[in-house]
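Please read it with the structure open.

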Amino acid sequence: MQIQKNISIKQFNTFGVDVKANLFVELKNENFLNELFSSVNEIPNRFILGGGSNVLFTKDFNGIIIKNLLPGIEKIGEDNNFVFIKTGAGVNWHKLVKYSIKNNYWGIENLSLIPGTVGAAPIQNIGAYGQELKNVFHQLETFDLQNNQFKTFAKDECKFGYRDSIFKKEFKNRFLITSVTLKLSKKEDAILTYQPVKEEIDRLKINKPSISQISEIICNIRRSKLPDPNKLGNAGSFFKNPEITEKKYLELKKANNDIKGFKTENNKYKISAGWLIEKCGWKGKRVGDVSSFEKQALVLVNVGKATGKDILDFAESIKEIVKVKFGIELKEEINIV
Ligand code: FAD
Ligand code: EPU
């Protein structure tokens, strides 16, 4: 285990922001955790990095960045209906999706092609196309950076919410997730609730889509509207979709017939942040090297050499204009460092 000094982390974040970390280490084996954290005991500032696809670095990082590369996908149990798959936190998320598709284990095919690592998936309870991680989650294992000991979290303890968990709140930066165990279904369990997915299945005249057909459809939808971070720096949706009261929703609906909103479990309405940004005239707008993506206003992109501060300033302008026009406060989905 080699601790590198003063290195650029441009290649380790999908925004492609060029900042330096004064210490950087790659974690490939959990047996080194005790050794690593006793050796960096006096360094209070630590950041666990996966694929860097949900993070915005706004300045050089004064501390140690631990890049999680913990490997392994293993079936650790099963019954007639389910399998339990334990995966090292450093495994690429889509690699796990491909494994599940190959074995016909249902549950994460709708989460195809989400960038990043398995270990980061519970942090914001990743979700897409009618599915969320929490619905297939069993448990995760962590290393507690405060007490240098291992701790397991059951599903309830993670307090999953929409793009949220306990690891974004009171336990922010405290636990390093080492592995995640999912409970996947051996029986066909297609989730076809998301309108664009349904439409595509109808268009293709598929009667009963297979797990790989669903994954392929979702990959195609994603490719058609989200920028590839290898070509254009971005971190997916910059903001969460806001939840507003029914009263506020009906007011907005009266003035804007095309507004999209869905009733949530807590009787609120989740509306599209992309729509709000577009209505403010900011879809595709560019300031310096930052732009809102032309096909999806909620995705901010680095079109050249934008700094984290440039991206943050751009995001602040969007927040201000949405607040003025609609009286709605957008909240960041991504992690700002
Ligand atoms: P990072 O960006 O490296 O880290 C994110 C946060 O998790 C940081 O706070 C970090 O400290 C923490 N963290 C990472 N690993 C660990 C660990 N092992 N232990 C403890 N803390 C850790 N997200 C969705 O939910 N749905 C989508 O549809 C979606 N689409 C996207 C599309 C694009 C093009 C992009 C670029 C991003 C998209 N995202 C989406 C966001 C992103 O892919 C997810 O949030 C993903 O889970 C981030 O994984 P990562 O490994 O890159 O995390
Ligand atoms: N819309 C607009 N203008 C835009 C973008 C969207 O009007 O510029 C409207 C359209 O009406 C569209 C609707 O918003 O039908 C929904 O758009 P989309 O299907 O692209 O989804 P989203 O709500 O913008 C969310 C997630 C995505 C996830 C998709 C699919 C959040 C913050 N984002 O986006 O997750 O992939 O749904 O489930 O919840 C991410 O978290 O990084 C991410 C990409």
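Helix 3 (residues 195-203) and helix 4 (residues 211-225) pack at an angle of about 115°, and their crossing is right-handed. The model is predicted, and every distance, angle and area below is computed from it.

**Helix 3 and helix 4**

- The axes of helix 3 and helix 4 are 10 Å apart.
- Helix 3 contributes Pro196, Val197, Glu200 and Ile201 to the contact, while helix 4 contributes Ile217, Ile218 and Ile221.
- By class, the residues of this contact are six nonpolar, no polar and one charged.

**Ligand 1**

- There are 33 residues around ligand 1, and those that come nearest are Ile48, Gly50, Gly51, Ser53 and Thr117.
- A polar backbone atom of Ile48 lies 2.6 Å from an oxygen atom of ligand 1.
- With Arg222 the side chain takes part: one of its N or O atoms is 2.7 Å from a nitrogen atom of ligand 1.
- Ligand 1 exposes 980 Å² when taken alone, and the protein buries 95% of that area.
- Strand 3 (46-49), strand 8 (127-128), strand 12 (175-185) and strand 13 (233-237) are the elements that each give two or more residues to the shell around ligand 1.
- That shell is made up of 17 nonpolar, 14 polar and two charged residues.

**Ligand 2**

- Ligand 2 has 22 residues around it, of which Tyr129, Tyr162, Glu278, Gln296 and Glu333 come nearest.
- An N or O atom in the side chain of Tyr162 is 2.7 Å from an oxygen atom of ligand 2.
- Tyr194 places a polar side-chain atom 2.9 Å from an oxygen atom of ligand 2.
- For Asn241, a polar side-chain atom likewise lies 2.9 Å from an oxygen atom of ligand 2.
- Taken alone, ligand 2 exposes 810 Å², and 82% of that is buried by the protein.
- The shell around ligand 2 draws two or more residues from each of helix 4, strand 13, helix 6 (273-279) and strand 19 (296-302).
- Sorted by class, the shell around ligand 2 holds eight nonpolar, six polar and eight charged residues.

**Elements listed for both ligands**

- Strand 13 gives two or more residues to the shell around ligand 1 and two or more to the shell around ligand 2.
- Helix 4, which packs with helix 3, is among the elements listed for the shell around ligand 2.

Key
Residues are numbered from 1 along each chain as its sequence is written. Chains are lettered from A and ligands numbered from 1 in the order in which they are written. This is a predicted model: local features need pLDDT of at least 70, side-chain atom pairs count only at pLDDT 80 or more; totals for chains, interfaces and linings use all residues. Side-chain values use heavy atoms; hydrogens and water are left out. A residue is near a molecule or strand if one of its heavy atoms lies within 4 Å of it. A polar contact is a pair of N or O atoms within 3.5 Å; within protein, one must be able to donate a hydrogen and the other to accept it, and residues adjacent in sequence count only if both atoms are side-chain atoms. Accessible areas come from the Shrake-Rupley method with a 1.4 Å probe; for residues, only the protein chains shown count as cover. Helices (H or I, at least four residues) and strands (E, at least two) are DSSP runs, numbered from the N terminus. Ala, Val, Leu, Ile, Met, Phe, Trp, Tyr, Cys and Pro count as nonpolar, Asp, Glu, Lys and Arg as charged, and the others, Gly among them, as polar. Axes are lines fitted to C-alpha atoms, for helices over the stretch in contact, and angles run from 0 to 180 degrees between N-to-C directions. A crossing is left-handed if the near helix is turned anticlockwise from the far one by less than a right angle, and right-handed if clockwise. Contact means heavy atoms within 4.5 Å.
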